[in-house]
Amino acid sequence: MKAIKTTVSVSLLASAIAAGTALFTAPAVANGLVDMSIHEINGKVHLIVKRQLVDGTTKYDRVTVPASEADKREAELLQDPNVLLVERDVVTYNPVPLTKAPVSRIQSLSITKASEGAATYADPLFNQQDYFTPGHEYNSRLSEAHQRLDFTNTIRIGIVDGGFVRSADVNYVEGVSLANGRGPEFYNSDANIECPFLQPGEDMSIHGHFVAQVAGATSDNGLGIAGASPNVELVAARSMNCTNTGILSDNAESVRWLAQDLTITDLPAISEPVDVINMSLAAQTSCPSYMQDAIDFATSKGISVVVAAGNDFADSTTYAPANCDGVITVAATTANGYRADYTNAGDNITISAQGSAIPALDENGAQTSIYGTSFASPLVAGIIASALSERPALSPSLIDSILTNAGKPVRTFSNEPVLDMGAGILDAMLFLDGAGVARETVTVQPALSGAREQFTEALTHPAAAQYLQARTGAAGVCDIVEVNGETPTGTDSIAVFSVAQGDLLSPLSTTANIVQRTDTIEAMAFTVNELSAEASGNRQLGVAHCDLTTGTNCSVKDTIKALDISSLPTPTACI
């Protein structure tokens, strides 16, 4: 198996940056590590200026000046009463892990993927995608989660990155470039893409190609891997150059473009905003206002922003955009649940996910293995997209809240410190529970079924039909169905309810309507028209067995099921 090189250290990256023909000036090296907070770019500094316009809105401009004049120009700009803030742009890079994980941490799990209640895909590398493994204690259980979903809503994932490759397994519906040639072309092979700083024999980065595969490779097509979310539209925002580096202001503008900021007029406007944004990139700096404002703009439009924690085995709170407010910051684990030995960690980590030994295809279609928080992040983005396909109304703040209860403990070796890895390893099944997606579905049954069939002649008699019509409004017994539940105990009730399509399937939801409830009997009777009317108007039906007054134990994991009325069998006597 071909393996992607993972021994490139930050120091080596800095050396490449410092080369005479490279774009960036040399960073300072101390104790073998590198200060990646680089502001001087090819002898110049980008000043990012936040201005207030006459209509009260704000906009950002980039003013480029020689490094020797940066302080003076910054002071001059701040004298303008319309200038609110001046910040210096900073170099970003795609996180590269310092080392491969030890063999003991990437051993095969030897677990068969196919099992009852779990989705399987006919992609040749699917059996190596450990995060799909059903029932596994230390991974995301995506196969089981996918089995719960219909994927009827197409979700859009925006990839802020570089190194996009034309591939039969990764399909972008649109995209632009904000680096290496600004415009509508974004693939490495496009004529507009410029790579003046590639060294002889150096390959162009394909980092974004790997990220996109993890998030949304076409599933079940007999190629490569299965994406973390099927039925997604991928949108590329190329903001990193051909050597895995870029500038943070381009990354921030990419977020705005993906969120359909119409003030960006020199690029083709995106057709519609994406639903999730992934940024597998980092800068060792505090979160600047221009990046925070871009993230705030996206989240205000209901877009979740997922970012990589970084791969320097350092404090993740010192890396942007991982330390920005409102983002979902992802640390990396191994296939068997250990903290990856390269991942950053800290109290800004939201969740963790597998980032090591992930199979993928390179630009030539050959199999390779990829490592890094860069790939844990799109795994989380894909899981969020999967949930949004069923619950499109989930807000970024609600998604963040659900994530805090959707993790499993990260394993550590006895000689390692316990680091802050957020809520733990993301379990897609627990995440869907929090999103209110039912684990089970029940169906309605005709009233004229089971033991009652022996009374068919009596129940279909005109006198019986007249009685039932007077009591229920039904035309007769053939128009009556039952929903069965367990006999209520204690303070629990059985309730049939409906919620707005896309809302959490819960009788406690703000859009919930209780169709019928009982505190004493096991089954409830309805007319077919009654349930059909409740399910019309873009609403979903459910059955709950819990305390409807206090909400105790009202959970889709155990006590709430979806109700399907589409496959109602017709008794012979009613045909």
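## Close-up views of a predicted model

**View 1. An open sheet of five strands, with mixed pairing, runs in the order β20-β27-β26-β23-β24.** This is a predicted model, in which local features need pLDDT of at least 70 and side-chain atom pairs count only at pLDDT 80 or more, while totals for chains, interfaces and linings use all residues. Residues are numbered from 1 along each chain as its sequence is written, and side-chain values use heavy atoms, with hydrogens and water left out. Helices (H or I, at least four residues) and strands (E, at least two) are DSSP runs, numbered from the N terminus, and two strands pair if DSSP finds at least two bridges between them. At the edges of the five-stranded sheet sit β20 (441-443) and β24 (513-518), each pairing on one side only. On average, neighbouring strands here are turned by 30 degrees against each other, direction ignored. Inside the sheet, three bridges hold β26 (residues 539-546) and β27 in antiparallel pairing; look for Ala 544, whose bridge partner in β27 is Ile 560.

**View 2. Three strands form a further open sheet, in the order β21-β22-β25 with antiparallel pairing.** Its edge strands are β21 (445-446) and β25 (523-527), and each of them pairs on one side only. β21 and β22 (residues 480-484) run antiparallel and are joined by two bridges.

View 3. Axes are lines fitted to C-alpha atoms, for helices over the stretch in contact, and angles run from 0 to 180 degrees between N-to-C directions.

**View 4. Leu 568 sits in the segment after β27 (560-564).** With 29% relative accessibility, Leu 568 counts as partly exposed (buried means under 20% relative accessible area, exposed over 50%, partly exposed in between, with a 1.4 Å probe and protein chains only). Leu 568 and Gln 445 are 123 residues apart in sequence, yet 6.6 Å apart in space, C-alpha to C-alpha. Setting aside neighbours within four places in sequence, Leu 568 is in contact with Val 444, Gln 445, Pro 446, Val 481 and Val 528, where contact means heavy atoms within 4.5 Å.

**View 5. Helices α4 (residues 207-216) and α7 (residues 373-390) pack at an angle of about 35 degrees, their axes 7 Å apart.** The crossing of α4 and α7 is right-handed, that is, the near helix is turned clockwise from the far one by less than a right angle. From α4 come His 207, Phe 210, Val 211, Val 214 and Ala 215, and they meet Ser 374, Phe 375, Pro 378, Leu 379 and Gly 382 of α7. Seven of these contact residues are nonpolar, three polar and none charged (Ala, Val, Leu, Ile, Met, Phe, Trp, Tyr, Cys and Pro count as nonpolar, Asp, Glu, Lys and Arg as charged, and the others, Gly among them, as polar).

**View 6. Thr 373 belongs to helix α7.** Because its relative accessibility is 0%, Thr 373 counts as buried. Not counting residues up to four places away in sequence, Thr 373 touches several residues, including Pro 95, Ala 308, Asn 311, Val 330 and Tyr 342.

**View 7. Helix α6 (residues 289-300) has twelve residues and spans 16 Å from its first C-alpha to its last.** That is close to the expected 16 Å, taken as 1.5 Å times one less than the number of residues. The buried residues of α6 are Tyr 290, Met 291, Gln 292, Asp 293, Ala 294, Ile 295 and Ala 298. Their cover includes β4 (44-52), β5 (58-66), β6 (83-88), α5 (248-258), β12 (276-279) and β13 (304-308). Just past α6, Gly 302 takes a positive phi of about 85 degrees.

**View 8. Strand β10 (residues 232-238) is mostly covered, with six of its seven residues buried.** Strand β8 (residues 155-161) runs parallel to β10 and is joined to it by seven bridges. Strand β9 (residues 172-177) also pairs with β10 in the parallel sense, over five bridges. Ala 237 of β10 is the bridge partner of Val 160 and of Val 176.
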